[in-house]
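Dear colleague,

Please find below the structure that I am handing over to you. My notes on what was found in it follow directly after.

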Amino acid sequence: MLIARVLTLALIALLAAGPASAQISDGIIKIGVLNDQSGLYADLAGQGSVVAARMAVEDYGAAAKGLKVEVVFADHQNKADVGSQIARQWYDAEKVDLILDVPNSGVALAVNQITRDKGKAFIVSSAASSDLTGKACSPNTVHWTYDTWALANGTGNAVVKTGGDSWFFITADYAFGHALERDVEAVVLKNGGKVLGKVRHPLNTQDFSSFLLQAQASKAKVIGLANAGGDTTNAIKQGSEFGIVKGGQTFAGLLVFLTDVHALGLDKAQGLTFTETFYWDLNDKTRAFAKRFAERNRGIHPTMIHAGAYAGTLHYLKAVEALKGDDGTKVIAKMKELATDDPLFGKGTIRADGRKIHPAYLVEVKKPAESKYPWDYYKIRATIPAEQAFRPLDQGDCPLVVKK
Amino acid sequence: MPTQALFGQLLIGLINGAFYALLSLGLSVIFGLLNIINFAHGAQYMMGAFVAYFCLQWVGLGYWWSLLIAPVVVGLAGILLERTMLKPLYHLDHLYGLLLTFGVALIIQGVFRNAYGSSGLPYGIPAQLSGGHNLGFMFLPNYRAWVVVFSLVVCLATWYVIERTKLGSYLRAATENPALVQAFGINVPRMITLTYGFGVGLAALAGVLAAPIYQVNPLMGADLIIVVFAVVVIGGLGSIMGSIVTGFTLGVVEGFTKVFYPEASSS
């Protein structure tokens, strides 16, 4: 019985391996969206990233071009062990060719390594740690939307230059928070500012009052929030309760998403300044996308993460078509070779270290009176050109980059 | 660490302890009198906050009305749950009630998350309680002061009703020996149903209190329920005063942890 089963499995494996000669393994390109579907990052990524990936597949016209593409998704619950297990299962047993999105830098760094070991493809949209294109860079990974260096460079610079020269950090205690704090601190120190203190809180904290009191006692001019999602909104909401802004201190939300502003309400969020690489109301193309997207995503307008998932999938499919194959390492190499062009980020490139290059925007949240229609939340204060928005190639210590 | 900052943390601890106390009080009442380990407590707390949000958005009723309406509405939902599902489980092992309420909690949270997303909905502090006072060693928001006072009053009133009044003595007697109490002409099943409704109402009340501080979020209860269970167990399962005292104590301990070793401050 057992032998029969083993033989059957071997036969299936042989049959499955057969079409490999036809370049697209098993005839289907399978995209796995792996993210937080149920926790504090579920609105800013979550099901929206799945919708975005599906829209990209449709807009690319994959079916008309004879490509069979399937999009699947799973919930990693912000746990690196759960995420790794799903990634392994997807690659080994379910023939997933590309893993997409993956918020939470802790999980993303784990999936980054697994993808490399298995020779598959990984496009990061949510995770922020700049280590993904630095120390941990991989020939199988593209880091699409943004990273902690870009946030630090955009927001940190702007804040220090407008007089915010003493900082206190409230930092989420995991890979992402540490990376963001490190990158912002470097910018602050470089510009002659100083860091008066920092405190690290566990991921998904409800009550920030204690940390806010410490920040208040530090007398720092700027309180840098090196966290994301529900952690950021709770901190800002409770900060207004404790009179942080009235007392003359300001918040620097180092990573704030459109959905966070929506959750806070303009009343509490007004005046916040931070860095984004996409805003739905930038131009006609982004507005058209946002309209279609919101219809399919409970009215929630796209965050930059959703935009990254869409654009990344589009470019991946382009590379697969050009290559006529879906071997992970080769596709990623092809993606780096081809210039990118999509309706959301415009024209851009992908560098040798896996970093996707496009402009970033310094945005300010509007006052309630300035908001004319639903989801009209941002004023664009400055555009950071693509070549300045991300860490220079030679400063990341990425082993893939040959130093001159 | 300057003493001034320590006072601040002590006060913050008391404020958070107020939530723990109020939530664990409801749990304790339900366990003490019904022998049900109510794992849906976190979800019911969350529903309380949502009812407050709905009151404001749909009907235009503010915070003060919500304090009254939310416990009643959610309490009634609790009574429905007790009548239809919990009742058949009384003669079975604790485990069955635990599993049932845990499942119910997951379903409720899933439904709310599906409808309202995970990043929460905004809910403001009532105008009468906005602002705060500078106490010298810290800035105390008026709303937080209100939370401490209000929940202390509710906790002590509940303790008084159950431990010191005739109604309370019926309740306690009914858990000791339901058959005998029924023989005296008291409708024990109805009393038990109402007690469950009351416990659930306490959770909803805590939810309304929490709405202006935290986001109104489908997962707000799931995050808190573990801490609250720890409080109930430390305070002695079913002991009402134990829960109140432990709730406040744990809040203070947590507050100090956030200063001395913040990474460990989460359950």
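Lys95(A) sits in the loop that runs between helix H3 (80-92) and strand E3 (98-101) of chain A; helices (H or I, at least four residues) and strands (E, at least two) are DSSP runs, numbered from the N terminus. This is a predicted model, in which local features need pLDDT of at least 70 and side-chain atom pairs count only at pLDDT 80 or more, while totals for chains, interfaces and linings use all residues. Residues are numbered from 1 along each chain as its sequence is written, and chains are lettered from A and ligands numbered from 1 in the order in which they are written.

Lys95(A) has a phi near 55 degrees, a positive value in a residue other than glycine. With 17 other C-beta atoms within 10 Å, Lys95(A) is partly exposed. For this term, a residue is buried if 20 or more other C-beta atoms lie within 10 Å of its own, exposed if 12 or fewer, and partly exposed in between, with C-beta atoms placed from the backbone. Asp101(A), which belongs to strand E3 of chain A, also has a positive phi, near 85 degrees, and is likewise not a glycine. Asp101(A) is buried, as 36 other C-beta atoms lie within 10 Å.

Chain A as a whole

Chain A contains 14 helices and 15 strands. Its radius of gyration is 21 Å, close to the 22 Å that the globule rule gives for 404 residues, so chain A is as compact as a globular protein of that length. The radius is taken over C-alpha atoms, and the rule is 2.2 Å times the number of residues to the power 0.38. Along the principal axes, the C-alpha atoms of chain A fill a box of roughly 75 × 50 × 40 Å. Of its 404 residues, 58% count as buried. Among contacts in chain A between residues at least 6 apart in sequence, 72% join residues at least 24 apart; two residues are in contact if their C-beta atoms, placed from the backbone, lie within 7 Å.

Two sheets of chain A

An open sheet of four strands in chain A has the order E7-E6-E8-E9, with parallel pairing; two strands pair if DSSP finds at least two bridges between them. Strand E7 (194-201) and strand E9 (250-253) of chain A stand at the edges with a single partner strand each, so one side of each is left without a neighbour in the sheet. Neighbouring strands of this sheet are turned by 20 degrees against each other on average, direction ignored. Strand E6 (residues 166-172) of chain A pairs with E7(A) over seven bridges in the parallel sense, and Phe169(A) stands opposite Lys198(A) in E7(A). Helix H7 (residues 209-218) of chain A lies across E6, E7 and strand E8 (222-226) of chain A, and runs at about 170 degrees to E7(A). Axes here are lines fitted to C-alpha atoms, for helices over the stretch in contact, and angles run from 0 to 180 degrees between N-to-C directions.

An open sheet of three strands in chain A has the order E11-E12-E13, with antiparallel pairing. Its edge strands are strand E11 (340-342) and strand E13 (356-357) of chain A, each of which pairs on one side only. E11(A) and E12(A) are joined by three bridges and by a hairpin of three residues. Asp342(A) has Gly346(A) in E12(A) as its bridge partner. Strand E12 (residues 346-350) of chain A pairs with E13(A) over two bridges: Ile350(A) with Lys356(A), and Thr349(A) with Ile357(A). The hairpin of E12(A) and E13(A) has five residues between the strands, and Gly354(A) takes a positive phi near 95 degrees there.

Chain B and its side towards chain A

In chain B, 33 residues are in contact with 37 residues of chain A. H1(B) gives the most to the side of chain B that touches chain A, with five residues.

Helix H2 (residues 41-59) of chain B has 19 residues and should span 27 Å at 1.5 Å a residue; its end C-alpha atoms are 26 Å apart, which agrees. The expected span is 1.5 Å times one less than the number of residues. Of the 19 residues of H2(B), 15 are buried, so this helix is largely enclosed by the rest of the structure.

Yours sincerely
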